[in-house]
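Please walk me through this fold, one contact at a time. Keep the cut-offs in view along the way.

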Amino acid sequence: MLGAGALRGHLLAAGLAGTIATTREKSLVRYRLFAAGDPRVLIGLEPEEEWTVPRLVALMAGACGVSADPGYASGPDTVDPERTIAALDAFAERLARAARDRSPVLLGTGHPHRLLGFYVPLAGALSAAGCPVLTPAQGRRVDITTRFGVRPHLLHYVRGVALIHEAGARPSPGAPGAHSHSPLPVRTVLDAAAAAGGPLPRLVIGDHGWVCGAGQLGIEAMGPADTDDPAVFVAQAEGRVCVAVPLDDSVPSDRYRPLARYVLNRSRLSP
């Protein structure tokens with residue numbers, strides 16, 4: 001069983017916490033865009049409060065462990081591994097309740113080439129515990145705005161986890177889908193589930209637009225987020241995301257599997 005001490009060592013060794021690859025410069029750019037209301041950074045959230053850059057820096061320092069010094073403007077970001085572990089403990093507690101209640105659950109990712117290593121074991125364990133792992137809107141088209149303009153994408157599920165891929169491309173183990181921050185995929189999935197008469201998820205597990213888009217619609221949601229994704233932590237602060245797990249979301253997929261094992265052990269859902 002992976003304990004908190006071993007997990008802390010893994011987080012630091014794998015670059016998931018401690019000094020991470022995300023830079024302060026990138027995070028500050030995204031904080032400024034969030035404060036300006038840029039939908040590319042809001043990722044489906046409609047903030048209820050005013051979030052200035054200084055307030056965002058203070059929030060992210062408290063939630064993630066980034067530097068609270070407003071004068072720190074360049075260099076690597078940091079994530080406090082103790083905050084990551086505490087968030088994973090809260091994540092496991094909510095996961096255990098979903099399993100106990102046999103709640104319908106939706107899992108989705110905008111980081112399929114990275115975070116499938118985290119989500120797939122969760123989907124399998126929840127299904128084994130009797131939770132309906134929902135897969136509506138399979139094959140549905142979603143038009144996503146990219147840096148190359150609007151591009152058609154298709155919804156697809158990999159072992160119970162929703163993702164999108166460009167139309168004409170097929171997901172494969174080496175390239176399972178497209179990176180996206182858009183909330184449109186989760187909205188499409190929820191619309192399809194409602195049109196079919198349900199069930200609707202009682203919990204959404206995901207990242208980027210999946211978690212913020214679901215939380216904005218009033219569905220309980222939780223998931224991991226990097227230091228340059230302030231929307232997830234604002235959503236948590238405003239009560240629309242129940243757990244935001246701070247970590248670097250762009251390391252190789254296999255480095256997230258120990259986090260899934262830790263969460264499943266804590267929630268007593270390990271096989």
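Alanine 162 touches Leu107, Gly108, Thr109, His156, Tyr157 and Trp210, leaving aside residues up to four places away in sequence. Contact here means heavy atoms within 4.5 Å. The model is predicted, so local features need pLDDT of at least 70 and side-chain atom pairs count only at pLDDT 80 or more, while totals for chains, interfaces and linings use all residues. Residues are numbered from 1 along each chain as its sequence is written, and side-chain values use heavy atoms, with hydrogens and water left out.

Alanine 162 lies in strand 6. Helices (H or I, at least four residues) and strands (E, at least two) are DSSP runs, numbered from the N terminus. Is alanine 162 buried or exposed? Its relative accessible area is 0%, so alanine 162 is buried. The scale is simple: buried is under 20% relative accessible area, exposed is over 50%, and partly exposed is in between (1.4 Å probe, protein chains only).

Now follow the bridges. Alanine 162 is the strand 6 bridge partner of glycine 108. Strand 6 (residues 161–166) pairs with strand 3 in the parallel sense, over two bridges. Two strands pair if DSSP finds at least two bridges between them. Strand 3 also runs parallel to strand 7 (residues 203–206), and four bridges join them. There, leucine 107 has isoleucine 205 of strand 7 as its bridge partner. Which way do the residues of strand 3 (residues 105–108) point? Val105 and Leu107 point one way, Leu106 and Gly108 the other, and all are buried.

Proline 199 lies in the loop between helix 7 (184–195) and strand 7. The peptide bond joining glycine 198 and proline 199 is cis, with omega about 5°.

Two other backbone features deserve a look. Alanine 137 is not a glycine, yet its phi is positive, about 65°. This residue is in the loop between helix 6 and strand 4 (141–146). Alanine 137 is buried, because its relative accessible area is 10%. Arginine 268 also has a positive phi, about 60°, although it is not a glycine. It is found in the segment after helix 10 (257–266). At 78% relative accessibility, arginine 268 counts as exposed.

Turn to the aromatic rings. A pair of aromatic rings is described by the distance of the centres and the angle of the planes. Rings of Phe, Tyr and Trp (its six-membered ring) pair if their centres lie within 6.5 Å; planes under 30 degrees apart count as stacked, over 60 as edge-to-face and the rest as tilted. How many aromatic pairs does this rule give? The count comes to two. Phenylalanine 91 and phenylalanine 118 form a tilted pair, 5.6 Å centre to centre, with 55° between the planes. The pair links distant parts of the chain, 27 residues apart: phenylalanine 91 is in helix 5 (residues 81–101) and phenylalanine 118 in helix 6 (residues 112–128). Ring pairs link Phe91, Phe118 and Tyr119 into a cluster.

Another ring meets a charge. The charged end of arginine 55 sits over the ring of tryptophan 51, 3.7 Å from its centre. A charge sits over a ring if NZ of Lys or CZ of Arg is within 6 Å of the ring centre and within 35 degrees of the ring normal.

Next comes a helix packing. The axes of helix 4 (residues 53–64) and helix 9 come within 10 Å and cross at roughly 80°. Axes are lines fitted to C-alpha atoms, for helices over the stretch in contact, and angles run from 0 to 180 degrees between N-to-C directions. Helix 4 and helix 9 are therefore roughly perpendicular. Angles under 35 degrees count as roughly parallel, over 145 as roughly antiparallel, 65 to 115 as roughly perpendicular and the rest as oblique. Leu56, Leu59, Met60, Ala63 and Cys64 of helix 4 meet Pro230, Phe233, Val234 and Ala237 of helix 9.

Aspartate 228 sits in the loop between strand 8 (221–225) and helix 9 (230–237). This aspartate is buried, with a relative accessible area of 5%. Among its contacts beyond four places in sequence are Lys26 and Arg30. Arginine 30, in helix 2 (residues 24–35), is buried at 14% relative accessible area. Arginine 30 touches residues including Asp228, Asp229 and Pro230.
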